[in-house]
Amino acid sequence: MTLQFPHMPDQITKSESRILDYISNNTEEFLISSIGEVGDKLDVSGTTISRFVRRLGCVDYKELRRLVADQSSSEGPAAKLMQTLNSDEGFTIDSWIIRQQMYLKKTLEGLDRDEFKKAVSALLNSRRIFIHAKSASFSLGQLLMFRLRRLGLQSVLLPSGGSEVLEGLSQATKDDLVVMFSFSKLSQEGKMITAYQKEAGYKTLAFISRSFIPEEERADIMLFAYRGEAKEYHSMAAPAALVDALIVALSEQMGEASVESLSHLHHMKKTYAPNR
């Protein structure tokens, strides 16, 4: 949810950004948590939280919780789209593309470079890559699988919902990698994937759009992509760019092997594909 405060500082620290992200995406939990409990979850001091509360224009932590409680509400996709349109005083392609540039910039600011390198290494060194994507993320899962297969890497797109996910996941072993798209929350299927990981031993890679991730929802590797504020229409521009960035970095790591795979595919198409 997008919260309104008496005062929003022009610049905030990474710790303060995590506090805001936690409040917005874990509102119910925040409202029943003490300042010490929030500090322990985010690994920040109570003093840091108290100072940030005052910077937001609230007298104390109790007033902040009351303010958040007053604003708590659920928003559907239609409302998010309307919020986005209204914020721009009407849609224009120019303002929309400029907005995507801002999303890419925020992605770059929030992306952990070491995590990105780990993701490339995991994709390169895994025996098989299982991909789970549902709803709006399904197209990203297909894009990732298409790109990986062109490089000669064995990838499998898992069923998007229900217990059928487990049927595909049952083949995964400790030498494999499971990729998830869990931007705003971990889905029920994602929970099954992380639960079965303890038995199967595979690694997990998650695309996220949250600064704070509860311990029980964390993957081995997490890549941040900014998609817009909670009440906005959620764009896939930055996640798609991140998928392609992984493929380009992966191709560079593979060197001649990636060129050979693409050349072989091109030869097959010329030889066996019907003339058009």
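Let's start with a question: which residues does S126 touch, not counting residues up to four places away in sequence? They are D175, D176 and L177, where touching, or contact, means heavy atoms within 4.5 Å.

Before I go on, the ground rules. This is a predicted model, so local features need pLDDT of at least 70 and side-chain atom pairs count only at pLDDT 80 or more, while totals for chains, interfaces and linings use all residues. Residues are numbered from 1 along each chain as its sequence is written, and side-chain values use heavy atoms, with hydrogens and water left out.

Okay, back to S126. You'll find S126 in the loop between α8 (113-125) and β1 (129-132); helices (H or I, at least four residues) and strands (E, at least two) are DSSP runs, numbered from the N terminus. S126 counts as buried because its relative accessibility is 17%, and buried means under 20% relative accessible area, exposed over 50%, partly exposed in between, with a 1.4 Å probe and protein chains only. The S126 side chain also reaches the backbone oxygen of A122, at 2.5 Å.

Now the whole chain. There are 13 helices and five strands. Of the 276 residues, 41% count as buried. Take the contacts between residues at least 6 apart in sequence: 73% of them join residues at least 24 apart.

So what's inside? As a general point, nonpolar side chains in soluble globular proteins tend to be buried together. Here, the largest nonpolar core has 33 residues. By nonpolar core I mean a set of buried Ala, Val, Leu, Ile, Met, Phe, Trp, Tyr and Cys residues joined through side-chain atoms within 4.5 Å. L148, V179, F181, F207 and L223 have the most contacts inside the largest core. Elements giving two or more residues to this core are α8, β1, α9 (138-150), β3 (177-181), β4 (203-208), β5 (221-224) and α12 (237-254). The biggest giver is α12, with eight residues. There's also a second, separate core of 20 residues, which includes L42, V44, L56 and F212.

Click on F181 for a moment. Leaving aside neighbours within four places in sequence, F181 is in contact with a list of residues that includes I131, H132, L140, L144, F207 and V243.

L143 and A240 are 97 residues apart in sequence, yet 8.2 Å apart in space, C-alpha to C-alpha. L143 counts as partly exposed because its relative accessibility is 23%.

D43 lies in the loop between α3 (35-42) and α4 (46-55), whereas S135 is found in the loop between β1 and α9. Buried or exposed, then, for D43 at 70% relative accessibility? D43 counts as exposed, and S135, at 65%, counts as exposed too.

Methods. A polar contact is a pair of N or O atoms within 3.5 Å; within protein, one must be able to donate a hydrogen and the other to accept it, and residues adjacent in sequence count only if both atoms are side-chain atoms.
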